[in-house]
Amino acid sequence: MAGTANLNLGDKSVDFATTQGSEGEKAILIKPFRQATGYVALDPGFVNTASCESSITFINGEEGVLHYRGYPIADLVENTSFLEVAHLLIEGHLPTQEEYEGFKNSITYHTLLHENLKRLFELVPTDAHPMSVLSAAVSALATFYQDSLDPMNEDQVRLSIHRLIGKLPTIAAFHYKRSRGQAYIYPDNRLDYAANFMKMMFGFHTEPYEVDEEVARILDQLLILHADHEQNCSTTAVRVVGSSQANLYASVTSGICALSGPLHGGANQAVLEMLQTIHDDGGDVQKFVELARDKTSGFRLMGFGHRVYKAYDPRAHFLQQKVEVVLRKLKVNDPLLNIARKLEEVALSDSYFKDRNLYPNVDFYSGIIYRALGIPVNMFTVMFALGRLPGWIAQWKENLEKGYPICRPRQIYTGETMRKVIPMSER
Ligand code: CMC
């Protein structure tokens, strides 16, 4: 509901319009703030800044709620496929059978890479981090597909979206194969999205690859869980770059780079490394909880805490319940799962974590599942990126469709005031 907020600043009294979202979130429209008062809003890290109005994803962090376009994440993860969710996020509705076939066929049609792009995987060091290679390859797509770069052209936008969703798993799998010295396995368009990725990753030319449908479904569900999360760091990067009318490949490249950081998507790799360290150190989880409490240690419990969730992350909740089933199904006995369970138990009963509402986030258990699926630790964040792609695209598209202006925040300058250059000989 629209209303007014009144601000008294010195001898000035200024009214600002307010607005309210469909789930009751309230905001003050501060755009005219500077003109009316001479002040700007200072909010490093955008802790209390809504950068847009969006009808894609809703999170209630206090209650651990996550909806994509009104559908609870648990409902979607149980009852839809990743490509249905991609359609939901990008097109705004769950597809009919006919729409689904068209969407899926078009994406499947675009799974191949330009043959020359393979040379990129051959040029980079075999131990290059897969996220760096992913961002380089997605950026390079803009050089190969110059017929679909115009963000203002609806047909070109659709083409670039389908190309990107089709090609991202191929890029990820081709780099993996190259890094192992193995031959590329080309996409098999008879397979579903996740199954195709698994075949490209783990298949060999010497023998047929039997897709385990249950395993492929688990992977598909993991992708759904990661598909969008409103205005997180990488999505904000995509929106910011997209606001300059940069093409989709360039915008998504920025999202991949942002996701790679250990405080964001890189946390899933960091969690596994942390669990391994605790395991190798003898498994004393209490010691590491103490370390995380100690601000001078510089150590944080990776996979714990979230900017928005101050309750259990619903995605982590799903994974926490699923992880044992998955490991049993895959006949994997991972000692890191016991460490993770103990760590969660100790942390959740510790006053430091309780007082700060620090709960496991999506990255806490996902790595254990990826590891059981045979995905190398340094590719965990790539898996996150494969899942997040439809969200980045939907948010990029919404930003353009709303005609938002170029993102260009202000600052409060705190440096030197005007001074004169002294010749080098006199400095
Ligand atoms: N371990 C120990 N202390 C923590 C942790 C943690 N994982 N997370 C937050 N805190 C403390 C923090 O030191 C601060 O304490 P104090 O109030 O005494 O200064 C308080 O909790 C609030 O933390 P914050 O850093 O102000 O919170 P934030 O909203 O800026 O940061 C976060 C959120 C996710 C960056 C942070 O919780 C973190 O670093 N977690 C570990 C990394 C991680 O798991 N990241 C994945 C996030 S979920 C997936 C994704 O979005 O990519």
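1. In which sense do strand β5 and β6 pair, and over how many bridges? Strand β5 (residues 65–68) pairs with β6 in the antiparallel sense, over two bridges. Helices (H or I, at least four residues) and strands (E, at least two) are DSSP runs, numbered from the N terminus. Two strands pair if DSSP finds at least two bridges between them.

2. A word on the basis of this note. The model is predicted, so local features need pLDDT of at least 70 and side-chain atom pairs count only at pLDDT 80 or more, while totals for chains, interfaces and linings use all residues. Residues are numbered from 1 along each chain as its sequence is written, and side-chain values use heavy atoms, with hydrogens and water left out.

3. The sheet that holds β5 is open and has three strands in the order β4-β5-β6, with antiparallel pairing. At its edges stand β4 (57–60) and β6 (71–72); each has a single partner strand, so one side of each is left without a neighbour in the sheet.

4. Within this sheet, β4 and β5 pair over four bridges in the antiparallel sense. F58 has H67 in β5 as its bridge partner. H67 also stands opposite P72 in β6, and Y68 stands opposite Y71 in β6.

5. Four residues lie between the strands in the hairpin of β4 and β5, where G64 takes a positive phi near 65°. The hairpin of β5 and β6 has two residues between the strands, and R69 in the turn has a positive phi of about 50°.

6. Another open sheet has three strands in the order β1-β2-β3, and its pairing is antiparallel. Its edge strands, β1 (3–9) and β3 (26–28), each pair on one side only. From one strand to the next, the twist averages 30°.

7. β1 and strand β2 (residues 12–20) run antiparallel and are joined by seven bridges. Among the partners, L7 is bridged to V14 in β2, and N8 is bridged to S13 in β2. These two strands form a hairpin with two residues between them, and G10 in the turn has a positive phi of about 60°.

8. On the other pairing of this sheet, β2 and β3 are antiparallel over three bridges. T19 has A27 in β3 as its bridge partner. The hairpin of β2 and β3 has five residues between the strands, and G24 in the turn has a positive phi of about 90°.

9. Turning to helices, the axes of α12 (residues 267–280) and α17 (residues 362–372) come within 8 Å and cross at roughly 80°. The two helices are therefore roughly perpendicular to each other. Here axes are lines fitted to C-alpha atoms, for helices over the stretch in contact, and angles run from 0 to 180 degrees between N-to-C directions. Angles under 35 degrees count as roughly parallel, over 145 as roughly antiparallel, 65 to 115 as roughly perpendicular and the rest as oblique.

10. The contact (heavy atoms within 4.5 Å) is made by A267, N268, V271, L272, M274, L275 and Q276 of α12 and by D363, F364, S366, G367, I368, Y370 and R371 of α17. By class, the contact has eight nonpolar, four polar and two charged residues. Ala, Val, Leu, Ile, Met, Phe, Trp, Tyr, Cys and Pro count as nonpolar, Asp, Glu, Lys and Arg as charged, and the others, Gly among them, as polar.

11. The ligand has 21 residues around it, of which H264, R300, L301, G303 and R307 come nearest; a residue is counted if one of its heavy atoms lies within 4 Å. A nitrogen atom of the ligand lies 3.1 Å from a backbone N or O atom of L263. An oxygen atom of the ligand lies 3.4 Å from a backbone N or O atom of G265. An N or O atom in the side chain of N361 is 2.9 Å from an oxygen atom of the ligand.

Conventions. Polar contact = N/O pair within 3.5 Å; in protein donor to acceptor, adjacent residues only side chain to side chain.
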